[in-house]
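Here is a short tour to read alongside your viewer.

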Amino acid sequence: MGSSKKHRGEKEAAGTTAAASTGGATEQPPRHREHKKHKHRSGGGGSSGGERRKRSRERGGERGGGRRGAEAEARSGAHGRERSQAEPSERRVKREKRDDGYEAAASSKTSSGDASSLSIEETNKLRAKLGLKPLEVNAVKKEAGTKEEPVAADVINPMALRQREELREKLAAAKEKRLLNQKLGKIKTLGEDDPWLDDTAAWIERSRQLQKEKDLAEKRAKLLEEMDQEFGVSTLVEEEFGQRRQDLYSARDLQGLTVEHAIDSFREGETVILTLKDKGVLQEEEDVLVNVNLVDKERAEKNVELRKKKPDYLPYAEDESLDDLAQQKPRSILSKYDEELEGERPHSFRLEQGGTADGLRERELEEIRAKLRLQAQSLSTAGPRLASEYLTPEEMVTFKKTKRRVKKIRKKEKEVVVRADDLLPLGDQTQDGDFGSRLRGRGRRRVPEADEEAPEEEEKEQAPRPPQSDDTRVENMDISDEEEGGAPQAGSPEVLEEDEAELELQKQLEKGRRLRQLQQLQQLRDSGEKVVEIVKKLESRPRGWEEDEDPERKGAIVFNATSEFCRTLGEIPTYGLAGNREEQEELMDFERDEERSANGGSESDGEENIGWSTVNLDEEKQQQDFSASSTTILDEEPIVNRGLAAALLLCQNKGLLETTVQKVARVKAPNKSLPSAVYCIEDKMAIDDKYSRREEYRGFTQDFKEKDGYKPDVKIEYVDETGRKLTPKEAFRQLSHRFHGKGSGKMKTERRMKKLDEEALLKKMSSSDTPLGTVALLQEKQKAQKTPYIVLSGSGKSMNANTITK
Amino acid sequence: MIEVVCNDHLGKKVHIKCNTDDTIGDLKKLIAAQTGTLWNKIILKKWYTIFKDHVSLGDYEIHDGMNLELYYQ
């Protein structure tokens with residue numbers, strides 16, 4: 001610190017010696033006092049510090065000189081300060097040291113690196129270079145006095161200041177007042193009274209004065225006029241005045257003008273002032289009179305209407321626009337825009353002669369319109385009314401009772417009811433219709449029942465025969481109708497028509513039947529045969545065989561379900577073998593001849609294909625069984641001791657042997673055999689692979705006899721990854737892990753590992769020794785010591801009691 | 001005309017003579033002329049108050065002899 005002061009002192013001294021005239025007065029020293037901490041730099045010491053720095057850095061002398069120059073400026077303006085006085089001496093010392101080198105370049109270097117301050121001139125130069133205005137030098141000294149010599153500042157008297165202000169305000173106010181008064185002074189107030197109002201004398205005076213003025217004015221005007229006349233302007237002036245007078249007009253001039261209001265808007269008794277409507281300057285249309293108030297009113301009304309927002313378009317509005325002559329006004333499209341497009345067309349009326357307007361014509365038009373409207377027929381019909389349930393009295397009059405006309409009722413024609421009784425006398429039966437009993441058979445000829453029976457009786461029999469077959473009855477009916485000549489029946493012409501075809505059919509059938517029967521009759525007309533037959537029939541009737549024979553004989557077609565079935569069956573080779581056809585056979589024996597003769601007779605007659613040709617099944621069967629039946633029943637039993645053959649025969653006969661080949665009723669194969677009689681189902685899988693065929697052994701296989709007592713000892717061992725055999729539990733665990741695809745968790749595996757390790761350790765452990773191998777160690781020790789024993793004490797030196805210490 | 005001291009506390013300390021109605025930008029230019037840096041690299045501060053270029057010294061109430069802190073950006 002002291003050194004710094006010294007430095008400063010030197011610089012000051014140097015500064016004063018090499019004082020430049022430029023008064024770079026700075027207040028640096030006192031200011032620098034503020035920076036007490038930077039003492040080494042403060043006190044003009046910004047520069048001094050810089051210099052010291054310079055010295056320490058040992059820069060070029062020029063710079064130091066430059067700084068010195070600046071310092072000199074700084075110091076030159078220094079006032080009497082303690083430091084400054086102390087400093088110069090120090091600085092002087094320093095300066096003297098480095099004087100020469102620096103002084104040369106004192107003032108020249110200003111803009112170099114560490115220049116701390118510039119003089120005003122330099123600053124101005126710099127500012128000029130930068131484009132700034134030069135420094136203002138006047139306000140340099142703000143402080144009037146220095147610290148050492150303080151100059152008393154002017155006392156600021158607030159009171160005085162305030163008073164001055166007030167005075168100024170007052171003066172300004174007074175001035176304004178004065179001006180106002182001057183302005184207002186000219187206007188007469190109510191309070192003021194003209195003297196001439198009350199006092200007549202004054203009034204007279206005033207009037208006289210006014211008169212005088214008038215006269216004066218007139219004179220002046222005259223003078224002016226004369227002057228104008230002289231100049232020739234008077235005529236023009238007169239014309240102007242004259243025109244104004246002419247513009248005054250009367251009521252007749254109003255004729256023909258249009259008033260742009262509805263005539264209804266003018267009420268009687270009220271006066272409405274009409275003015276000319278504004279029109280453009282260049283428009284040459286005629287004038288229109290309007291009243292402004294009315295115009296406004298109309299406009300207001302229109303606006304109200306618009307604001308009401310009535311619907312623009314009423315599609316079903318009908319009665320709105322009835323115009324003159326009750327005609328529909330042609331409704332134009334988008335009529336709401338007409339005003340906008342074409343312009344307003346306000347109501348207007350013309351003034352008639354004398355400027356009057358009656359509105360009479362309009363009223364007349366209205367009346368006409370009303371009249372026409374009344375006449376008009378409306379197209380709307382009367383609305384629907386509820387119909388009354390009862391007739392009104394008026395309608396009752398028109399309601400008359402009508403007489404009933406007697407109608408002829410047509411009698412119904414009774415239908416013909418045909419009854420069986422009617423038909424009885426009608427029958428001219430030449431057909432057999434004896435359907436008496438089933439036993440006797442249908443369609444059985446009535447002829448021979450008994451000898452007693454005579455044809456006559458038969459015919460008689462016919463009459464009381466009540467039941468007829470339906471068919472014949474119908475036939476009879478129809479035929480009788482026809483034969484009678486068709487008793488006209490109203491309801492049965494259709495029946496006749498339908499049955500005509502049937503009738504013909506029936507006729508044909510009857511003819512055939514009759515022929516047959518006649519022939520049959522003729523056959524049997526031979527007495528002898530006849531008798532025989534009757535006898536036979538008498539005999540055989542109780543047996544009930546007639547059914548089968550009669551139809552065969554007579555040739556009537558009889559269908560029997562069983563017979564048909566048997567026919568279709570075909571040959572039955574075993575027919576009668578069982579021995580249940582004996583009776584038939586017996587009968588056949590007797591009757592065969594007759595049959596043959598009958599058949600021969602029938603054939604001799606030459607009947608062809610009338611009946612079914614008798615199948616000589618019976619003959620065949622009988623021929624077959626003849627020998628068999630005769631031997632088995634009637635022959636004696638063969639003697640057993642005759643020989644084996646006899647014995648066998650006997651057995652066979654007795655039915656002891658089972659060697660007889662049973663013949664099974666064979667159905668005759670139909671004509672068409674199966675298309676593929678020989679077929680086999682091929683198994684193609686077996687053919688293909690040759691390897692399988694190679695491996696298969698088609699030879700004889702047999703069990704090993706020496707291995708009969710062999711029972712396999714099945715032992716399934718499961719092994720884990722290390723090769724250990726697994727217990728069943730572990731094996732199952734392994735299987736389930738494999739199955740489920742996931743093993744045990746962390747804990748489980750750890751446990752398992754631990755267990756395995758323990759097991760391994762257990763295995764490794766010697767059974768005879770402790771885990772630490774104590775015995776082996778002991779043995780080794782013994783070997784080493786060559787003693788059979790081991791001393792177990794600590795040091796092993798001695799085991800005396802002496803060695804026991806505390 | 002006032003004289004302002006600009007100190008960067010690193011060895012550069014300059015006294016600048018300027019007018020009260022000069023802007024900070026002008027002052028920076030003057031500083032730059034004396035210190036040898038670029039004027040737009042200079043930041044003048046007073047504690048945390050950064051002096052803006054377009055404001056005049058008078059508006060900032062920078063009086064004669066005031067110290068300004070010189071920083072660089």
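## A helix in chain A, then chain B

In helix H25 of chain A (residues 644–654), the buried residues are A:Ala646, A:Ala647 and A:Leu650. Buried means under 20% relative accessible area and exposed over 50%, with a 1.4 Å probe and protein chains only. Just after H25(A), A:Gly655 has a positive phi of about 85 degrees.

This is a predicted model, where local features need pLDDT of at least 70, side-chain atom pairs count only at pLDDT 80 or more, and totals for chains, interfaces and linings use all residues. Residues are numbered from 1 along each chain as its sequence is written, chains are lettered from A and ligands numbered from 1 in the order in which they are written, and side-chain values use heavy atoms, leaving out hydrogens and water.

Now for chain B, which runs β-β-α-β-β-α-β along the sequence. Helices (H or I, at least four residues) and strands (E, at least two) are DSSP runs, numbered from the N terminus.

| Chain B | Value |
|---|---|
| Helices and strands | two helices and five strands |
| Buried share of the 73 residues | 53% |

Within chain B, B:Thr35 belongs to helix H1 (residues 24–35). B:Thr35 counts as buried because its relative accessibility is 6%.
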